[in-house]
Amino acid sequence: MKRVSIFGATGSVGLSTLDLVRRDPEAYGVVALTANSDVGSLAALARETGAQVAVIGQERLYGALKAALAGSGIEAAAGEEALVEAAARGADWTMASIVGCAGLKPTMAALKAGGTVALANKESLVSAGGLMMDAARQSGATLLPVDSEHNAIFQCLAGSSLDDVARIILTASGGPFRTKSRAEMAAMTPAQAVAHPNWSMGAKISVDSATMMNKGLELIEAAYLFPVGLDRIEILVHPQSVIHSMVEYRDRSTLAQLGSPDMRIPIAHALAWPQRIATPCQPLDLARIGRLDFEAPDMERFPALRLARAAAGEGGATPAILNAANEIAVAAFLDGRIGFLDIAMIVEDVLQRYGAPRPGTIDDVLAADAEARAQAGQVMERLTA
Ligand code: NDP
Ligand code: MG
């Protein structure tokens, strides 16, 4: 039996993971499930799976969680430290699917504990990629990418040497505003931005897909996971989201991984790796799809792509600053406080006014993250004044 923990169990990726886990109760035992504020869903999932411990991120909700778990024998815990403690308990397999840099400390604790860490939480890798890769090397933890593109690249690499890789081609759907002009984008609402044409996902990553910051974050993610050099990682817009990414080798042979746009496919790959398991996902019907289209990304209409590539090139704390400013701007956009085009503008403004030394520890990363959030808040105040 594989002992699994799911951080961010109540979210889109967390629920997809549980959908696979609950299909085979003999194969999986649940150690920890976590959420931020959704006590009701967390308690129900913990009872259903017989989890050892349920952790709610918001400390003030401890009483509510304890009450919801009364009589179940499941341990209740709350707060940031409790999340880290639950990750440090170790599991054979941990899904890191908290959204945002809030996932960094628990993910680091899981990596230090060893075992396998399936990583969806790209913001933690963007912010602290070097430190996370070091932690995995030191503890012997296996870090498996769940983000569909990175999972595809991992599958296309199939253990080949990175020295043989000529190019990694990161595919992008282009998001809901792929064909929109800047003037049209300026008027887009949160509801329009989260309506992704191919994928059903949480609100934050859906907005990131609309600005294409998601692809920017994924470029940085790929550079840490597959260090072939930034100039060897290209972005290609592919509106159907059937090819999830490609690897071109130096002999010019190119491998692609294809599948229906369903996160349960890459999650299942990481859950069973190095084996395979059956999933309830739709088989790929290429005759019905009929055609696959490709186009170059438009850096003018999607400035987030340019900002992320520049941040990746600078390295150090710059990706963490980019990510933190983006998290603040996306939350403000979802709240109706700023316009769609303001998101990348705020990120650019913060990157221009704030730089931090290369982080040597997670606390350095979190300090740069906090300062970038404060700076983004100030930029926003001026914007909305
Ligand atoms: P959701 O918003 O659907 O879920 C986020 C989860 O994290 C929820 O369980 C939420 O709890 C919890 N959470 C939110 N904030 C905090 C916090 N401050 N502290 C602790 N827990 C928190 O996100 P997604 O599932 O869409 O995305 C999760 C991660 O996976 C992101 O990093 C995203 O970029 C990445 N990813 C997602 C994909 C997708 O298809 N959705 C695809 C590829 C990558 P609560 O429910 O209580 O709020
Ligand atoms: Mg992705």
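How many residue pairs are in polar contact between domain 1 and domain 2? The count is eight, with both residues at pLDDT 80 or more; a polar contact here is a pair of N or O atoms within 3.5 Å, where within protein one must be able to donate a hydrogen and the other to accept it, and residues adjacent in sequence count only if both atoms are side-chain atoms.

Before we go on, a word on conventions. This is a predicted model in which local features need pLDDT of at least 70 and side-chain atom pairs count only at pLDDT 80 or more, while totals for chains, interfaces and linings use all residues. Residues are numbered from 1 along each chain as its sequence is written, chains are lettered from A and ligands numbered from 1 in the order in which they are written, and side-chain values use heavy atoms, leaving out hydrogens and water.

Now to the layout. The protein chain is assigned domain 1 (2-145), domain 2 (147-301) and domain 3 (316-385), with bounds that come from an automatic or database domain assignment. Between the C-alpha centres of domain 1 and domain 2 there are 25 Å. Contact (heavy atoms within 4.5 Å) links 27 residues of domain 1 with 27 residues of domain 2. Together the two domains bury about 2300 Å², 72% of it on carbon and sulfur atoms; buried area is the accessible area (1.4 Å probe) that two parts lose on being put together, summed over both. Leu20, Lys122 and Pro145 supply 32% of the area that domain 1 buries against domain 2, more than any other three residues.

The rule also finds four salt bridges across this interface, each a side-chain nitrogen of Lys or Arg within 4 Å of a carboxyl oxygen of Asp or Glu. Arg264 forms a salt bridge with Asp19, with 2.9 Å between the closest N and O atoms.

Lys122 counts as buried because its relative accessible area is 4%, and buried means under 20% (1.4 Å probe, protein chains only). The side chain of Lys122 makes a polar contact of 2.9 Å with the side chain of Glu218.

The backbone oxygen of Glu218 lies 2.9 Å from a polar atom of the His150 side chain, and the side chains of His150 and Glu221 are joined by a polar contact of 3.3 Å. His150 is buried, because its relative accessibility is 0%.

Key
Buried < 20%, exposed > 50% of the residue type's maximum accessible area, 1.4 Å probe, protein only.
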